[in-house]
Amino acid sequence: MRLLILGGTQFLGRAIATHACATGHDVTCAARGVTGAAADGARFIRVDRDDADGLAPLAREAFDAVVDVSRHPGQVRRAVKTLKPRVAHWTLVSTVSVYADNRTPGQRADTAPLRAPTAPEIERSTEETYGAAKVACEQAIGANAFICRAGLIAGPEDPTGRFTYWPVRLARGGEVLVPGTPDDAVQLIDVRDLARWIMLAAETRLTGTFDGIGPSFTRGQFLAQCAAAVGSSCTFTWADRAFLESHDIKRWSGPRSLPLWLPLPDFAGFSTRDTSPARAAGLTVRPLAETARDTLVWTRATVAAVTGLTADEERAALEAWHAR
Ligand SMILES: NC(=O)c1ccc[n+]([C@@H]2O[C@H](COP(=O)([O-])OP(=O)(O)OC[C@H]3O[C@@H](n4cnc5c(N)ncnc54)[C@H](OP(=O)(O)O)[C@@H]3O)[C@@H](O)[C@H]2O)c1
């Protein structure tokens, strides 16, 4: 196939390009060239999708399939208008952040209610409007496409550093501050598994809307499997929501966070999505241990992003926990 990735120069887009090149497809990545390089073997075309005619460099090109990772409705609308009529298969990488209800466990892509989309005049998403903007992106694509709502993406080259925190922290051993309870849910997908499935969808012309995420673990299982994978012996100290919030420890991601923690009951359904439709459509995932091990190996071979508590912040929080 002649495959165009709109993006393709970082994390998921790069993983798709890498997988597609390795399986013999003819791959073009179109981006500004700001964030990173295209994968080895892929062709790079410089475009700026914020310009009204930014896709002009692709006007004379022919593609069998397009994968778009954009989060900005304006960029997605222009791509659909300019390229989609000439392309046999179209994939939009969307997100589980499109869902309106994070409380109800076990929801499915085909029935779960969505947020309202951003207004038609909104071109770009922000951190606050990300989910609503992705709904607008999905609506711009129409029905004849593969819409892949990714959950938390993990693995080598993750620029967010949030999953990465755990294999790195667990490998250090000792007493580890962990959030919530061992029964809380954690759900993610290895970037390489998601990339492989997106390419399978393009190869088989799969259409429809699916969640792109692996099985739901309990946080106890998640930590135990990651710890075993990185050869760590550690003990876990479980801190509850009231303690974490009163010590200004943030949720989910970023500095001073315990990554992948979302407070309950507000997010009781977030990491419990029903992935049976995706599995029936060909999604297969590797063991969590492999993701944890490969992510740690990557952090040791490169300057990797790791976000979460620093060692000093964790030590201070543990002292406060024991002193309370
Ligand atoms: N990470 C997660 O855990 C997670 C979870 C759920 C869903 N998702 C979704 O998964 C996808 C992740 O995609 P990704 O990892 O490939 O990262 P990304 O951050 O979406 O990548 C953006 C790509 O678009 C290019 N780009 C940005 N602005 C551009 C512009 N004005 N013109 C042309 N190209 C532009 C970037 O290259 P240049 O900067 O060089 O232009 C880069 O290649 C996204 O759709 C995201 O919403 C992610």
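Mentor: Begin with a definition: a polar contact is a pair of N or O atoms within 3.5 Å. Keep in mind that this is a predicted model.

Trainee: How far is a polar side-chain atom of Gln75 from a nitrogen atom of the ligand?

Mentor: The distance is 3.3 Å. That pair falls within the 3.5 Å cut-off.

Trainee: How much of the ligand does the protein bury?

Mentor: Alone, the ligand exposes 910 Å². The protein buries 89% of that area.

Trainee: Which elements give two or more residues to the shell?

Mentor: They are helix 1 (11-22), strand 5 (89-95) and helix 3 (130-141).

Trainee: How many residues surround the ligand, and which are closest?

Mentor: The count is 29, and the closest are Thr9, Val34, Thr35, Val69 and Tyr130. By type, the shell holds 11 nonpolar, 11 polar and 7 charged residues.

Trainee: Now to a loop residue. Where does Ser271 lie?

Mentor: Ser271 sits in the loop between strand 15 (257-259) and helix 8 (276-280).

Trainee: Is Ser271 buried or exposed?

Mentor: Buried means under 20% relative accessible area. Ser271 has 8% relative accessibility, so Ser271 counts as buried.

Trainee: What is Ser271 in contact with, leaving aside its neighbours within four places in sequence?

Mentor: Its contacts are Ala185, Val186, Gln187 and Ser216.

Key. Residues numbered from 1 in each chain as written. Predicted model: local features only at pLDDT ≥ 70, side-chain atom pairs only at ≥ 80, totals over all residues. Heavy atoms only, no water. Near = heavy atom within 4 Å. Polar contact = N/O pair within 3.5 Å; in protein donor to acceptor, adjacent residues only side chain to side chain. Areas by Shrake-Rupley, 256 points an atom, 1.4 Å probe, with all protein chains shown as cover. Helix = DSSP H or I, 4+ residues; strand = E, 2+ residues; numbered from the N terminus. Nonpolar A, V, L, I, M, F, W, Y, C, P; charged D, E, K, R; others polar. Buried < 20%, exposed > 50% of the residue type's maximum accessible area, 1.4 Å probe, protein only. Contact = heavy atoms within 4.5 Å.
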